Amino acid sequence: MKYDKSVFRALALITQFSINMLVPIFLCAFLGMYIDRKTGTSYWVVILFFAGALAGFRNVFVFAKQIYSKSSDRRHDRKNKKNSKN
């Protein structure tokens, strides 16, 4: 049974998107919980959670932008190869 490589590439991209989004959120939330325990406050977890969410959205945006520019470069290269053969 032969699998299409594009399926595995799509799964890899989905995994990378989720990691880029979730890691900053969890790290900032855990850092906020740690700071709240040490200082006796209860607002750092909320502030840092939203900061982590913003960082995650930024990471996903930058990653998507890189993927889009790479795919458009590949399409541009293919068109140039076709035109040079003619």
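A residue counts as buried when its relative accessible area is under 20%, as exposed when it is over 50%, and as partly exposed in between. V7 has a relative accessible area of 46%, so it falls in the partly exposed class. Keep in mind that this is a predicted model.

**The overall picture**

The chain has two helices and zero strands. Of its 86 residues, 14% count as buried. If you look at contacts between residues at least 6 apart in sequence, 62% of them join residues at least 24 apart.

**Helix α1**

Helix α1 covers residues 5–39. How far apart are the end C-alpha atoms of α1? They sit 51 Å apart, and that agrees with the 51 Å that the 35 residues of α1 should span at 1.5 Å a residue.

V7 belongs to this helix. Together with F8, L11 and I14, V7 makes a nonpolar surface patch of about 400 Å².

Which residues are buried in α1? The list is M21, P24, I25, C28, A29, G32 and D36. D36, which is part of helix α1, has a relative accessibility of 9%; the cut-off for buried is under 20%, so D36 makes the list. Leaving aside residues up to four places away in sequence, D36 touches T41, S42, Y43, W44 and V45. After α1 comes G40, with a positive phi near 80°.

**Across to helix α2**

Helix α2 runs over residues 44–85, and I47 is found there. I47 is partly exposed, at 44% relative accessibility. The C-alpha atoms of I47 and C28 are 8.8 Å apart, although the two residues are 19 residues apart along the chain. C28 is one of the buried residues of α1.

**Aromatic pairs**

The structure has four aromatic pairs. Two of them are F26 with F30 and F49 with F50. Here is how those two look side by side:

| Pair | Arrangement | Centre to centre | Angle between planes |
|---|---|---|---|
| F26 and F30 | stacked | 6.2 Å | 20° |
| F49 and F50 | edge-to-face | 5.6 Å | 75° |

Why is the F26 and F30 pair called stacked? The planes are 20° apart, and pairs under 30 degrees count as stacked. For F49 and F50 the angle is 75°, and anything over 60 counts as edge-to-face.

F26 and F30 are four residues apart in helix α1, so about one helical turn separates them.

Terms used: Residues numbered from 1 in each chain as written. Predicted model: local features only at pLDDT ≥ 70, side-chain atom pairs only at ≥ 80, totals over all residues. Heavy atoms only, no water. Phe/Tyr/Trp six-rings, centres within 6.5 Å; stacked < 30°, edge-to-face > 60°. Buried < 20%, exposed > 50% of the residue type's maximum accessible area, 1.4 Å probe, protein only. Contact = heavy atoms within 4.5 Å. Patch = residues over 30% accessible without salt bridge, like charges linked within 9 Å, V, L, I, M, F, W, Y side chains within 5 Å. Areas by Shrake-Rupley, 256 points an atom, 1.4 Å probe, with all protein chains shown as cover. Salt bridge = Lys/Arg side-chain N within 4 Å of Asp/Glu carboxyl O. Expected span 1.5 Å × (residues − 1).
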